[in-house]
Amino acid sequence: MALLVAVAAIVGVSACSENLDSSAACPSLCPGQSVTLQDTILPAIAIDSSVPGFPAIGQEPFLLVAGRGDTLETRGIIRFDSLPLVFHRTNAAADSAITAVDSAYIRFQLDTGGVKPGAPVTISLFDVDTTAADTVTSALAGLFRPDRFLGSATFAPESLVDSIKVP
């Protein structure tokens, strides 16, 4: 053990006696060498560099829709500002005007990379169209009520593969 301590002391002393062509010596370990120290102060970020309003409303690639009892509840709102008036037929000379719809569904793509739920999941759809400012949460939250209910579907955890259809 004493031999190891003696070798370490000799290596430490000889390291300070080396004369390298570099000025990158540590003054605490080798006090005989002069090294200029320079402090660099980085100022705190004075402005927020995030881009407000990006992505634009309606251009988000994903919407988080989740519920955890009393700790988390989110709702996604998908807008349809215009609906098609004409059905375009392939291999037909003329298009057909849409006069009625007998059934409809919304297909949701699922992010299956995360944790799958352990219990059935229910998706409910509501008509939240309003003339109020539709970017204000308080104006939209009150529209999730029974008289605006459109439909719902419940899915078993094993059926949540890549997409779901809600009538």
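User: Hey, how does Phe-126 count at 25% relative accessibility?

Analyst: Phe-126 is partly exposed, where buried means under 20% relative accessible area, exposed over 50%, and partly exposed in between (1.4 Å probe, protein chains only). Do note that this is a predicted model: local features need pLDDT of at least 70, side-chain atom pairs count only at pLDDT 80 or more, and totals for chains, interfaces and linings use all residues. Residues are numbered from 1 along each chain as its sequence is written, and side-chain values use heavy atoms, leaving out hydrogens and water.

User: How many aromatic pairs turn up in the whole structure?

Analyst: The search finds 2. Rings of Phe, Tyr and Trp (its six-membered ring) pair if their centres lie within 6.5 Å; planes under 30 degrees apart are stacked, over 60 edge-to-face, the rest tilted. Phe-126 and Phe-144 are edge-to-face, because their centres are 5.5 Å apart and their planes at 70°.

User: And where do those two lie?

Analyst: Phe-126 is in strand E4 (residues 121-126) and Phe-144 in the loop between helix H2 (137-141) and strand E5 (149-155), so the pair ties together parts 18 residues apart in sequence. Helices (H or I, at least four residues) and strands (E, at least two) are DSSP runs, numbered from the N terminus.

User: What about Phe-126 and Phe-149?

Analyst: That pair is edge-to-face too, with centres 5.6 Å apart and planes at 70°. Phe-126, Phe-144 and Phe-149 form one aromatic cluster.

User: New topic: what sits over the ring of Phe-144?

Analyst: The charged end of Arg-75, 4.5 Å from the ring centre; the test is NZ of Lys or CZ of Arg within 6 Å of the centre and within 35 degrees of the ring normal.
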